Amino acid sequence: MLDTLPFKVADLSLADFGRREIRLAEHEMPGLMAVRAEYAATQPLAGARITGSLHMTVQTAVLIETLVALGAKVRWASCNIFSTQDHAAAAVAVGPDGTIDNPKGTPVFAWKGETLEEYWWCTQQALTWDGETGPNMLLDDGGDATLLVHKGAEFEAAGMVPAAKDDDPEEWRVILAVLTEALAETPGKWTAMAAGIKGVTEETTTGVHRLYEMARAGTLKFPAINVNDSVTKSKFDNKYGCRHSLVDGINRATDVLIGGKVAVICGYGDVGKGCSESLRGQGARVIVTEIDPICALQAAMDGFQVATLEDVVDTADIFVTATGNYNIITAEHMSRMKHQAIVGNIGHFDNEIDMAGLARLPGIKRTNIKPQVDEWTFPDGHAVIVLSEGRLLNLGNATGHPSFVMSNSFTNQVIAQVELFTKTDEYELGVHVLPKHLDEKVARLHLDALGVRLTQLTKEQAAYIGVPVDGPYKSDHYRY
Amino acid sequence: MARTSPTTTGTDPRQASGDSSPESAPQAAVPASDIADPGLALTGLPGIAWAERAMPVLGMLRADFARQQPFAGLTVACCLHVTAETAVLIRTLTAGGARVHLAASNPLSTQDDIAAALAADDAVTVQARAGVDRGTYYEHIHRVLDSAPDLVMDDGCDLVNTLHEDRPELTGHVRGGSEATSSGAARLRRMAAAGSLRFPVVAADLSAIGRMVDHKYGTGQSVIDGILRATNTLVAGATVVVAGFGPCGSGIAERARGLGAQVIVTEVDPVRALGALMQGFRVMPMSAAAPLGELVITATGSRDVVGAAELALLPDGAMLANAGHFDVEIDVSALAALAVDVNPGVRPHADEYVLADGRRLILLAEGRVVNLVAGEGNPAAVMDTSFAVQALALAWLASGTPADGAPGRVLDVPADIDARVASLTLASLGTRIDTLTEDQRRYLESWQQGS
């Protein structure tokens, strides 16, 4: 039954609501809409079979329909068990021209609150194309689709899926089970699929990190474009997006007054910078923790107190992890926090806060307050409030980044897809970033909507600083 | 009595005090100006002209005053910081017919070239030299009081206080006065409460404009400016302790944060402390803040905010600056007593005190108001609104109206004066605002309409 389902979403009747939200989002996503207009005639993605693994939100719906408008066929899964907006998924399945009774949209496999088994089933569904070996393009966020294809091919080459070890994380056990079944059912499936993929465009820091690891180890099977490190992605999405959605998530989850509180942000990368500014703007006193001396010094120069988590764990009111690392907030940390301290994570994976360790504490009691808000009470009677079970709270408790920010990120995605699909030969095996003129193009597509008037270099000025009049204006190592 | 253009430097001879108005009963010989160097007059003129460009509101008032002559025949004794901006105020008063006698309101804040330029105007005498001692400072105040003023304009209440303490025979002649600072207004309210104040004084510090433009934005900016000029220290990353979260302190705290400092606020008032907390500042007692303070700025209007106990806690290299009007917020004598060595003038306006344990503390501007001593005081645009309020308040007092109903009281700035100055300032900035419709006005005044 794997390759027969057209889609699977929570509730198709939500499609009308989803379509209304998509319509509003289109107005706030001028980059994507400009790309649709630019490529309407040439259809550069005609022939592309794109499997996407990316949070199934309203903004992603606009991305999916942009890819379709450029000629692609698309199958989609979310890249997080909590991040799907069910009305957006329904609207994508129904499509702009379909009805609830006669859906004509894009096959999407995603709902809010999947189990891990369901999550990997969805990912596999998105990778499965009737009559084809699989997709010829991947669009990934966090690298799960890429991982499944690579591990499947690796195990096929090895002739077997390794047995799960006792200390393997639960999610890895699920992946092994999925692959064990797939290898038995269709031998050679993943090897053939990997061979048919022209490339992957990767959305986020964490997934990019995996890609570089694979490239370094020589195991990467197709070229990749690192969309995350486009300036118009990481310096916008990571910073301004989180600045917006962090407080939104905390407010929706708890509605505590942020003004006057002490907040700890773990990590002062692009995401941590946005988060710190966000909470400071609400009147919180923000303390930053860092391991990198450069980021730590930046935080200090921006006027934030920089301390270790141990220094402040018993005095702060709000804790947010934004490190991309794991085991940042341990169960022991949480046992020392103030009563009803709020603990959340905005990093991609759910291992920044040690939820398993928390659940294992003898005598700990979990009380669900409302969806994605849990009170964990310690034997001594004090409690902490954990948001989204330690998964990214801006998506779990709120609706993630706003449309305008995502328009920047996703315009990079679309351009990267067009690059890899139409110029496959120019991208050798490895991890690439988009050339700067395309990064500048993404920014340029968003200026009009904000009423920005750009100054034009004169020929003489351009010559004086040694750049073309129409850009690119900065060297590749410029840091913005 | 209408004067010619007040911008002339007054080369034409003028009658002495004999031609002042008949009600100027107590006659006194007004001493000549006591300034550092009359030869600096030409040097001071460009500074005054520069300030005039940035003070359009006083410019508009000067035109009004020149027509209406609200101060015709009246003598105004002023005790103000002798700066270019004050010069523009003085010229606004003389345009309205006043004779002005000006003393400095701080022994260190006088700009000698400005004093000389003002003194060259024959409607003005100036008693001010930079760096005078305490005795000379008060002698200068007595010299302007010798003019038997009809109106007084004070900045810190030293003139009004001296008038009441040492020259009570002159108080009956005074129609009223204005006070610029919170520190001075607090003294005046204590005088009024004790029944000692003999004439009405408008406290300009509590005007809405004063609190907003002057204290928060003006003092907030110029205190940072003064500290930077004195120290050239990088504020980003430093821990700055701001004592007091009134309009001045909150302005300083915001600006220090804007430069990247970690700001700690100390307060005695729970309401203000809560306000600071809600704006994301750390709030703690000075005893807890002092060990962290790399730069400590007092803005309380109180005294001994940083005393011997707190000085003992400050880290090596800590810098101390006072933004309050008087030099009592940092206990300088306690600092001197703790020090085993003093290196005066390690930079201009920065003295290094070496303590017995080897710590070195840097006192800026001798603990006096740092924005005026080490910087140039509030920017001219800020003083424009502040002085406009005081000039209009003085004109209101000159008309005699409030004196009838309010002898010996400290008066708030009338709301219509605040509104007029705000309107003129908006006009000077080219900003237009809405006007209530008649329906809206009725709605706002009614109580019958609900939901």
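## Close-up views of a predicted two-chain model

**View 1. A nonpolar surface patch formed by A:L257, B:L274 and B:M278.** In this predicted model, A:L257, B:L274 and B:M278 together make a nonpolar surface patch of about 280 Å²; patches are made of residues with over 30% relative accessible area and no salt bridge, with nonpolar side chains (Val, Leu, Ile, Met, Phe, Trp, Tyr) joined within 5 Å and like charges within 9 Å. A salt bridge here is a side-chain nitrogen of Lys or Arg within 4 Å of a carboxyl oxygen of Asp or Glu, and accessible areas come from the Shrake-Rupley method with a 1.4 Å probe, where for residues only the protein chains shown count as cover. B:L274 belongs to helix α10 (residues 270-278) of chain B, helices being DSSP runs of H or I with at least four residues and strands runs of E with at least two, numbered from the N terminus. With a relative accessible area of 46%, B:L274 is partly exposed, a class lying between buried (under 20%) and exposed (over 50%), assigned with a 1.4 Å probe and protein chains only.

**View 2. The surroundings of A:T204.** A:T204 sits in the loop between β5 (199-202) and α9 (205-217) of chain A, and counts as buried because its relative accessibility is 13%. Not counting residues up to four places away in sequence, A:T204 touches A:D141, A:G142, A:N228, A:K233 and A:H348, contact meaning heavy atoms within 4.5 Å.

**View 3. Packing of helices α2 and α17 in chain B.** Helix α2 (residues 56-68) and helix α17 (residues 415-428) of chain B pack at an angle of about 115°, with their axes 9 Å apart. The contact involves B:P56, B:V57, B:M60, B:L61 and B:D64 from α2(B), and B:R420, B:V421, B:L424, B:T425 and B:S428 from α17(B). Axes are lines fitted to C-alpha atoms, for helices over the stretch in contact, and angles run from 0 to 180 degrees between N-to-C directions.

**View 4. The loop residue B:G375.** B:G375 is found between α14 (370-373) and α15 (380-398) of chain B and is buried, with a relative accessible area of 10%. Leaving aside neighbours within four places in sequence, B:G375 is in contact with B:G226, B:R229 and B:V370. B:G375 and B:S109 are 266 residues apart in sequence, yet 9.5 Å apart in space, C-alpha to C-alpha.

**Notes.** Residues are numbered from 1 along each chain as its sequence is written, while chains are lettered from A and ligands numbered from 1 in the order in which they are written. Local features need pLDDT of at least 70 and side-chain atom pairs count only at pLDDT 80 or more, whereas totals for chains, interfaces and linings use all residues, and side-chain values use heavy atoms, with hydrogens and water left out.
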